[in-house]
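Have the structure open as you read.

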Amino acid sequence: MARIPLTPPRTLLNRIGAWYSRRAYGKVLDPGLAAGHNPRVLLTYVRAERGAAKWNRLDPGLKHLAVMAATARINCSWCMDFGHWEAGNLGLPMDKISKVPRWRDHQDAFTDVELLVLDYAEAMTETEPRVTDELAAALVERLGEAAFVELTAMVGLENYRSRVNSAFGLTSQGFSDTCEVPSRA
């Protein structure tokens, strides 16, 4: 259950945001409704998302795997739900996406660079990041510096999204029938 009402004031900004959300996603996104209680936060978040959507130095599939790995590590059911929907729109193989929460148990489903990306996303997401020089160097070598910077920024952005959504108490919004959040071992 959400920890903040998903009924923000009916300001012009929130009405435009709801219209855009319905048009782009088929429904009004709960994170937007939660953020709608503070217009400056909502606008900053929208600007960040629109800017990040224009980044193009990292392969979209690798970018999405990194986002899903961070989401799974934080256990954000809303982000897992939306991430499955987004993967479908990107044309990514759902059998691979469904293995991301437990990718270490399904390493044969991923390429070497995908495994590095998944490991990096998890390492960055730890409360005390555990990124090593070796892991970063392997990714820079395979992806290039610009794509490595984009990967790092995307994982950081997803950490923001997932942690905020989890703190708001947002849960699956029905974008996917198969949005597994792994249980903590």
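## A glutamate and a helix pair

Glu158 sits in helix α9, which covers residues 145-168. Keep in mind that this is a predicted model.

| Side chain | Partner side chain | Distance |
|---|---|---|
| Glu158 | Arg161 | 2.7 Å |
| Glu158 | Ser162 | 2.6 Å |

Leaving aside residues up to four places away in sequence, Glu158 touches Val67, Ala70, Thr71 and Cys79.

Now for the helix pair. Helix α4 spans residues 60-74 and helix α5 residues 77-90; their axes come within 10 Å and cross at roughly 165°. Angles over 145 degrees count as roughly antiparallel, so that is how α4 runs relative to α5. The crossing of the two, α4 and α5, is left-handed. On the α4 side, the contact is made by His64, Met68, Thr71 and Ala72, while α5 brings Cys79, Met80, Gly83, His84, Glu86, Ala87 and Leu90. Sorted by type, the residues of this contact come out as six nonpolar, four polar and one charged. Thr71 and Cys79 take part in this contact, and Glu158 touches both of them.

Finally, over to Ala48, which lies in helix α3 (residues 39-53). With 36% relative accessibility, Ala48 is classed as partly exposed.

Definitions and conventions: Residues are numbered from 1 along each chain as its sequence is written. This is a predicted model: local features need pLDDT of at least 70, side-chain atom pairs count only at pLDDT 80 or more; totals for chains, interfaces and linings use all residues. Side-chain values use heavy atoms; hydrogens and water are left out. Axes are lines fitted to C-alpha atoms, for helices over the stretch in contact, and angles run from 0 to 180 degrees between N-to-C directions. Helices (H or I, at least four residues) and strands (E, at least two) are DSSP runs, numbered from the N terminus. Angles under 35 degrees count as roughly parallel, over 145 as roughly antiparallel, 65 to 115 as roughly perpendicular and the rest as oblique. A crossing is left-handed if the near helix is turned anticlockwise from the far one by less than a right angle, and right-handed if clockwise. Contact means heavy atoms within 4.5 Å. Ala, Val, Leu, Ile, Met, Phe, Trp, Tyr, Cys and Pro count as nonpolar, Asp, Glu, Lys and Arg as charged, and the others, Gly among them, as polar. Buried means under 20% relative accessible area, exposed over 50%, partly exposed in between (1.4 Å probe, protein chains only). A polar contact is a pair of N or O atoms within 3.5 Å; within protein, one must be able to donate a hydrogen and the other to accept it, and residues adjacent in sequence count only if both atoms are side-chain atoms.
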